Amino acid sequence: MANKTPDVTLLERIAASLERLAPKAEKPLRLDGSDAFVWQPQTHALIPVEDTKALPLHLLLGIDQQKSILLANTERFQNKLPANNALLWGARGTGKSSIVKAIHASLKAPRPALVEIHREDLSSLPGLLSGLKAIDRQVILFCDDLSFDKNDTSYKSLKAVLDGGLTGRPDNVIFYATSNRRHLMPRDMMENERATAINPAEAVEEAVSLSDRFGIWLGFHNYNQQRYLEIVYAYADHFTLPTDGLEPAAKEWSVTRGARSGRIAWQFIQDWAGRHGKRLTL
C-alpha cells in the first residue's frame, strides 16, 4: 500500500480532532420501570424513584378545595384533555409538595410519570422537554420550592417554556411547582427591577408575569390549633397509634416549633410513633 501523502494525513488528523470535540449523541430518555423519576442533567438521564413516600390523599386535611382543583386538572391531563400548569404557593409545611405526590399516587394506572427537576437544574429544561416530547407517555414535571433571587435571570427562559415560544411545553407534559412566594420573586427584586429599568412598569410586569404562566394558582396557609389537632388525630387513627396524652403532647410540640402546619403534625406523629415503638407504613 502506498504511503499517504502529508495532505491526506493532515486531513485525517483534523477529522479525528473534530470528532473528539463534537458532543456525544445523547441517549434517548426512558420512562419505564417506575412511575416517578428525578432528572439528572449531568448524565442526561431520568433516575427511577422506587417510593415517593406519598401520603394517602384523604389524610391531607384542611385543603379540600386545593385537592379538588388539582385532582380534576391532573385527571384531565391524564386523559389527554386540556389542562393547566399549576403553582402551589404559601406557607412552609402546609402540604404543597405532599398534595402533588398524593394526587399522583391516587391516579389509576396507567398513571403519568412524575418527574422532579431541581431548581438549580432549570437551565437544562429545554433539553429535558425535547427528550420527553419523544416519549409516548404523559409527564407531570415537578419543581419543588421554585423561587428566584436578586440578579437571577433564569426565570426569563422558564417563561417561554411554560407558555409560548417555538420550543414551548410539549402536549404530553404539564408543569407543577411549589413556592413560598406567590410571584416567585422577593419584593426587593421587583423593586430593583423598577429602579434600574428605563420603563419601570414594564420591568415589574416582566418579572411578575412568570406566575401568570401558571393557569392554576393554589394558596396554602398555616392552620389554627383546631385544624392542627384534627390532622394529628387523623394520623393517629390511620396508623392505629395510642391517643392517651396525645393532645397535650401535640400542643407542646407545635409550641416548641413556633408553628402549626401539616409538616409539624407529621413530625410530631413520627416522634409519637417512635415513643410507643410503632412503625409507620405508608
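Predicted model: local features only at pLDDT ≥ 70, side-chain atom pairs only at ≥ 80, totals over all residues.

Reply: Residues are numbered from 1 along each chain as its sequence is written, and side-chain values use heavy atoms, with hydrogens and water left out.

Me: What makes H8 oblique to H10?

Reply: The axes of helix H8 (residues 225-238) and helix H10 (residues 262-275) cross at roughly 40° and come within 9 Å. Angles under 35 degrees count as roughly parallel, over 145 as roughly antiparallel, 65 to 115 as roughly perpendicular and the rest as oblique. Therefore H8 is oblique to H10.

Me: Which residues of H8 and H10 meet?

Reply: Contact means heavy atoms within 4.5 Å. On the H8 side are Tyr 228, Ile 231, Val 232, Tyr 235 and Ala 236, and they meet Gly 262, Ile 264, Ala 265, Trp 266, Phe 268 and Ile 269 in H10.

Me: Why does this contact have one polar residue among 10 nonpolar ones?

Reply: Ala, Val, Leu, Ile, Met, Phe, Trp, Tyr, Cys and Pro count as nonpolar, Asp, Glu, Lys and Arg as charged, and the others, Gly among them, as polar. Gly 262 is therefore the polar one, and no charged residues take part.

Me: Which residues of H3 are called buried?

Reply: Buried means under 20% relative accessible area, with a 1.4 Å probe and protein chains only. In helix H3 (residues 96-106), Lys 96, Ser 97, Ile 99, Val 100, Ala 102, Ile 103 and His 104 are buried. They pack against elements including helix H2 (64-78) and strand E3 (86-90).

Terms used. Axes fitted to C-alpha atoms, helices over the stretch in contact; angles between N-to-C directions. Helix = DSSP H or I, 4+ residues; strand = E, 2+ residues; numbered from the N terminus. Buried < 20%, exposed > 50% of the residue type's maximum accessible area, 1.4 Å probe, protein only.
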